[in-house]
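Trainee: Hello! Could you walk me through this one, step by step?

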Amino acid sequence: MRLRNIPRARDVIAESPWVIHDPEAHKGAWQDVFQNKHPLHLEIGTGKGRFILELAQRHPEINYIGIEKFSSVLLRGVERQNELELPNLRFIRGEAEIITEYFAPGEIDRIYLNFSDPWPKKRTAKRRLCSHEFLARYDQILSAQGSVEFKTDNRELFDFGVEEIEISNFRISAITYDLHADPVLNEGNIMTEYEERFSAKGNKICKYILIRKI
Ligand code: SAM
């Protein structure tokens, strides 16, 4: 995601009632935020929020939180939610490395990773959101039936992600190397900003769904 500093971003985010400014304070009590017991799904690295805004409109029976570390990127999604006021959607402007400080064990039912940053240098591999270090964090906050869904057009990153599963508590329940040609996995697919851009160039989209080994 190209980073352009947008001066109003911080103020818009600070003033939005749809952004949770103290996520640590809600650890273990997110049902109070949504005032229901619906399942809770996260998108990590939500960018401008298009994917999660669409999901939240399609599935009012599920609660959604989009996590994004940069205000200038998140701005668009927050402005749209300020207009739509979807009761089942919140945003966190935060860092996924400390996700276990935001959510209690078993509190999350699904995690979406969409077109995560590749961090191509080997020494920064642990920052990749599909690394075993991150899978271990997801393991801590996901419910017993919880799942991780990862999409990317970056084949090297995807292959790395598949290798990392070996040293995690997850296993593959579904996988494709050409999502848009896969009638089962593509059903109900919502294109992210990056997905639209890269598939328009002819890039194939890889996707896996992980569930627990035991
Ligand atoms: N998911 C969107 C899509 O598919 O169009 C955006 C993809 S963009 C390449 C990746 C986004 O993840 C960026 O906006 C980046 O700031 C965010 N991100 C990367 N690492 C993150 C982290 N550790 N915590 C929170 N957000 C992160």
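Mentor: Gladly, and let us begin with T192: a polar atom in the side chain of T192 lies 2.7 Å from an oxygen atom of the ligand. Keep in mind that this is a predicted model.

Trainee: Which residue has an N or O side-chain atom 2.6 Å from an oxygen atom of the ligand?

Mentor: The ligand has 18 residues around it, and G45, E68, E95, N114 and T192 come nearest. The side chain with an N or O atom 2.6 Å from a ligand oxygen belongs to E68.

Trainee: How many charged residues are in the shell around the ligand?

Mentor: Sorted by class, the shell has seven nonpolar and five polar residues. The charged residues in the shell number six.

Trainee: Is F115 buried or exposed?

Mentor: F115 lies in the loop between strand 4 (108-114) and helix 6 (132-141). F115 has a positive phi of about 55°, although it is not a glycine. Its relative accessibility is 9%, and buried means under 20%, so F115 counts as buried.

Trainee: What is the relative accessible area of E85?

Mentor: E85 belongs to the loop between helix 4 (71-84) and strand 3 (89-93). E85 is not a glycine, yet its phi is positive, at about 55°. E85 is partly exposed, with a relative accessible area of 48%.

How values were computed:
Residues are numbered from 1 along each chain as its sequence is written. This is a predicted model: local features need pLDDT of at least 70, side-chain atom pairs count only at pLDDT 80 or more; totals for chains, interfaces and linings use all residues. Side-chain values use heavy atoms; hydrogens and water are left out. A residue is near a molecule or strand if one of its heavy atoms lies within 4 Å of it. A polar contact is a pair of N or O atoms within 3.5 Å; within protein, one must be able to donate a hydrogen and the other to accept it, and residues adjacent in sequence count only if both atoms are side-chain atoms. Ala, Val, Leu, Ile, Met, Phe, Trp, Tyr, Cys and Pro count as nonpolar, Asp, Glu, Lys and Arg as charged, and the others, Gly among them, as polar. Helices (H or I, at least four residues) and strands (E, at least two) are DSSP runs, numbered from the N terminus. Buried means under 20% relative accessible area, exposed over 50%, partly exposed in between (1.4 Å probe, protein chains only).
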